[in-house]
Amino acid sequence: MRVLVGGGTGFIGTALTQLLNARGHEVTLVSRKPGPGRITWDELAASGLPSCDAAVNLAGENILNPLRRWNETFQKEVIGSRLETTQLLAKAITKAPQPPKAWVLVTAYYQPSLTAEYDEDSPGGDFDFFSNLVTKWEAAARLPGDSTRQVVVRSGVVLGRGGGAMGHMLLPFRLGLGGPIGSGHQFFPWIHIGDLAGILTHALEANHVHGVLNGVAPSSATNAEFAQTLGAALGRRAFIPLPSAVVQAVFGRQRAIMLLEGQKVIPQRTLATGYQYSFPELGAALKEIVA
């Protein structure tokens, strides 16, 4: 299968490309910079979709980049990097003489809650900046007709070596300075990078998969449980909390909600489609990452 991956040079894209290649698929990346095995977004806009059997979009600025202030300029980049790339790919798929058989988009976000439980049939809603963005983002991906199978994977916090959330967390935890964020009572929907790549590959390969899948592990944990489990995996104590005021100062009030208020997300449809997790339990996932 020939797979086109938008934004495939990042943490998730690299893992997905490695898995697809290992399974005998041919991958072409869409990125800002030209190179071998790549086309640029400008080339896609000018020349249309290259011949492919499936397309995935992973493109998007890292919302939780602690080095970027949460101001209007960055908010526009966050919106544009998701909506414009998705619209561009969806338009190219619609216009293609031979449209791909599958089209997969990775998004995220349910309303933060200490008590609600969300599965794939739960509405995304429109209650803040991020939910509004995801609603528009998923709408931008929708194609007319049914010649292309469409899948949206709503991802949790992606855990893996060499990038993602763990890239920022590991050092303080290794130094024994880690601990829960805020109260620690908030749910922490997580997934191992190997399983997110696995779910995306499953969505591309399995003809019966369509609609929304939750890209989260089947075992839920609170933020405090995550901190305790990561500390145990490293052989360190993890009891120094990161105060809410510090999180709000670094990320801004709007972004801080994503860290201070979580959601309990269940991968009900993901499991029903037959996907088998490599890392369903947090302890084993974290031990593999820090080994």
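Reader: In this predicted model, how far apart are the closest N and O atoms of the salt bridge that Glu138 forms with Arg154?
Author: Glu138 lies in helix α4 and Arg154 in strand β7 (residues 149-155), so the pair ties together parts that are 16 residues apart in sequence. Glu138 is buried, and Arg154 is buried as well. A salt bridge requires a side-chain nitrogen of Lys or Arg within 4 Å of a carboxyl oxygen of Asp or Glu, and for Glu138 and Arg154 the closest N and O atoms are separated by 2.8 Å.

Reader: Which side chain of opposite charge is nearest to Arg82, which is buried yet has no salt bridge?
Author: Arg82 belongs to helix α3 (residues 72-95), and its side chain reaches a backbone oxygen at 2.8 Å, that of Glu61. Beyond its neighbours within four places in sequence, Arg82 is in contact with several residues, including Asn57, Leu133 and Trp137. The nearest side chain of opposite charge is 6.9 Å away, whereas a salt bridge needs the atoms within 4 Å. That side chain belongs to Glu61.

Reader: How many residues apart in sequence are the parts that Asp121 and Arg269 tie together?
Author: Asp121 forms a salt bridge with Arg269, with 2.6 Å between the closest N and O atoms. Asp121 sits in the loop between β6 (117-118) and α4 (129-141), while Arg269 is in helix α10 (residues 268-272), so the parts they tie together are separated in sequence by 148 residues.

Conventions:
Residues are numbered from 1 along each chain as its sequence is written. This is a predicted model: local features need pLDDT of at least 70, side-chain atom pairs count only at pLDDT 80 or more; totals for chains, interfaces and linings use all residues. Side-chain values use heavy atoms; hydrogens and water are left out. Helices (H or I, at least four residues) and strands (E, at least two) are DSSP runs, numbered from the N terminus. Buried means under 20% relative accessible area, exposed over 50%, partly exposed in between (1.4 Å probe, protein chains only). Lys and Arg count as positive and Asp and Glu as negative; His and the chain ends are not counted. A polar contact is a pair of N or O atoms within 3.5 Å; within protein, one must be able to donate a hydrogen and the other to accept it, and residues adjacent in sequence count only if both atoms are side-chain atoms. Contact means heavy atoms within 4.5 Å.
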